[in-house]
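Subject: Structure handover, salt bridges

Hello,

Here is the structure I promised to pass on.

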Amino acid sequence: MSKDADPRAIYLKDYQPPKYRTLETRLSFDIHDGSTEVRNDLTLVRDPHAPADASLVLDGQDLELVSVTLDGETLSGNEYQVDDSSLTIFSLPGACEVSVVTRIKPEENTALEGLYKSRTMYCTQCEAEGFRKITYHQDRPDVLAKFTTSITADADMYPVLLSNGNPVADNTQDGRRTVTWEDPFPKPSYLFALVAGDLEVITDTFTTMSGRSVELRIYSESHNIGQCNYAMEVLQRAMRWDEQVFGREYDLDIFMIVAVEDFNMGAMENKGLNIFNTSCVLASPDTATDSSYLRVEAVVAHEYFHNWSGNRVTCRDWFQLSLKEGFTVFRDAEFSSDMNSRTVKRIEDVSFLRAVQFAEDSGPMAHPVRPASYIEISNFYTTTVYEKGAEVVGMLRTLLGPERFRAGSDLYFERHDGSAATTDDFLAAMQAVSEVDLEQFQRWYEQAGTPLLVVSSHWNAGTLTLEITQSCPATPGQPEKLPFHVPIMLGLLSRHGAPLNCADLDCSFSDVFELRETSNSLLLHLRSEQAELVIRGLDSEPQVSFLRDFSAPVRVEFPRSLQQLSLLAVHDPNGFARWDVMQSILVAEIDRLIMESGEPSQFVVDLFATLLDKTIACSADAEQLFMFAVMLNLPDENYLFQQQTAIDVDGICRARDLLRHSLAVALKERWHSLYEVNEITDGYQPDALSMARRELRNIAFAYLTEAAAAHEAQMLIEAHYNSADNLTDRRAALSAVVNCDVLADEFRQQLLDDFLQRWQNESLVVNVWFSVQATSRYANAATICRLEEHAAFDKRNPNKLRAVYAAFGQMNQRNFHASDGSGYDLLAQRIIDLDQFNPQIAARLLQPLTRWRRYDEQRRELMRKALERIAAREKLSKDVFEVVAKSLEAEG
């Protein structure tokens, strides 16, 4: 890459409002196989603050320009200018009509941005900057226009023609059909959508809280339509929940979802016409695991909730992306919590945050929730913007309390409905309804990195003193950090495990604190670098339940004995805190095994035995069973890697394997009892209790196969596989067969072949077949090469790419990080290949290589060389260029 060719960065500080406002956008698509003509009629007015001679700049990429007219007059070449990224029109009046005609080739669009063809249907993906690949337009989120869209196509080949809003016209002439859609709500171009195809549909209705009837439609190709009913059920629940919890009512006559097999993202919230990756909308017992059902539930709700938090109120610029995404992730998490187990949902979210977002915060791509700059905005659809952004919203709810937070969200929607807003606007609405000073809280949007809280406890003659220090490590472009406003929720337990009543405590705190009676907790407002909590008049030294419900996205160092932690693990009334200390116990044990290379301690085995006995005795409480399930799972390798500054790949994997095997062998009879007691004989149901029992049974199954000899393991796996009436249990058997080293290769291959033969026509199930093998503890680069040569693998399909390359690079740490560098070499070459036709996916697959500085010297050098190999390519997309360049820059 020559320096002159390096893409330039875009900065938040350089934001300027548009010189022209687009009031109306009228689109006409004439779709023919091989070429589509797009006519774009724009009604524009110059901004009053813009100079009279301001030119109109329309974004465009990969377009063939046919004509440009201004107020009905065709423009000549000297009246406009075209380059690779824009069309500039000179000398416009203050109000005018501009018409642009372009040709595009959706069939050749392998990047899956703009208008493209997926199998037999045409569809769009316009966020963030895909609309400019359809036509010339002000492709920025702060330009909101009313859209009218006419679609013309062959009536027989494409009987379904969809766009945003409500249908207003439909006619057929000479075998070609034209359907016109009108969206009465102004929206930015990234929310535009179009679908043309031969699709099946399921329909239902929803009556809003004001009594309006809304038609609900979910479209899919015929072979998938039978798997859409669960999504329809979820959609109706989400619509009712949003009315009840946030007071948000749907506003169009129709709400539509279309399932697409080739899609870079999970789903897209286009106004009235959501387009979904099939993996996020299809569900049936045979084709979706329990986790897939939960994902469908979360994503359907997420995209629907965007109708207000993203569509009715959108973001002013892409630096404000978390305004819509962080807020909506928070909303979908609340929905899922209310539908299932709130505690387990919180644990799942925090587990993901710690394993993935904390890693992002400590790597070269670290950025604030509201970034200050970017080269390619697609690289900032990150866990920081989404998940950490949701944590920031959650902290606001914690600080304000539920009632004031609801009042703040109502005010935010009222103030900014129909406009493009900023995170400052969101905070201003929250500040307006609250007495809590949120000025310092703003730093959560502005500063990158994961804060560290160091806590020490001192007991002296009836007085407990907690000293808390906060800091945040340097991140790229931010060597020094100011203190955050950190909400810390905590409680106290007696030495016997009984909760102490916080209302009776004699407390003082250096900063502000308050009592939260509903959870019997203290809420500390930590604002300074150091603070001290003093609690007087205690009879005996209590145990501190710290950071209940993960009240802030921080790391915590709080040294305590195993005995103190085990008391909290068994007795803490806060489910999250109980799980969290269990994780601390297990991480400490794994660290000890790395250092000492000995046998697992009897203390940990006994603690697991106690938990197992309690679990076996619990039968009908879904919440408790879910809690036992998450507590019986060992921390995964991704999370363990984040606990070390210098990652010891071999040590972590060896110690975790040893602990797992020891627990399997020592507690074999208990695992067998857990397996038997959670057998389900009355058919598959995706309800909370059934999911909890399946999870526990499959945990026990995995431990039993770990402890079994060859013949016993084969019989156990065969029986589990053959008796399964759902994909969750079949996947567990598949995972066992590829991870159990005592099995005969012939049996292993027979089961894999049988699974594929039975489900070869179900693309999402085939993805499971790929991913289970890519994540096997015995998979290596050669395994991945064999999988990608399989006839079922399609390198143009993002789901297949994720099932193989992302599964191996992000979920198979021991083998991706093979000491010979074969995993790095394979991923680097695939990224180079993919960058030529799908830069978004290539850049996202690159993430495991970006943290190369945290590994041992040999692996560091091999990973650096893999990155340099990618960087040496003459032509890289902006997506890949940005990630590679930042990864190779000097630290700090």
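Below are my notes on its salt bridges.

This is a predicted model: local features need pLDDT of at least 70, side-chain atom pairs count only at pLDDT 80 or more, and totals for chains, interfaces and linings use all residues. Residues are numbered from 1 along each chain as its sequence is written, and side-chain values use heavy atoms, with hydrogens and water left out.

A salt bridge here is a side-chain nitrogen of Lys or Arg within 4 Å of a carboxyl oxygen of Asp or Glu. That rule gives 65 salt bridges.

Asp59 and Arg132 form a salt bridge, 3.8 Å from N to O. The two sit 73 residues apart, linking distant parts of the chain. Asp59 is in strand β4 (residues 56–59), and Arg132 is in the loop between β11 (121–125) and β12 (145–154). Strands (E, at least two residues) and helices (H or I, at least four) are DSSP runs, numbered from the N terminus. Asp59 is buried at 17% relative accessibility, and Arg132 is buried at 13%. Buried means under 20% relative accessible area, exposed over 50%, and partly exposed in between (1.4 Å probe, protein chains only). A network of salt bridges links Asp59, Glu129, Arg132 and Asp139.

Asp183 pairs with Lys187; their closest N and O atoms are 2.9 Å apart. Lys187 is buried at 2%. Asp183 is buried too, at 1%.

Asp417 and Arg312 meet at 2.8 Å, N to O, in another salt bridge. Asp417 is partly exposed at 34%, whereas Arg312 is buried at 14%.

Best wishes
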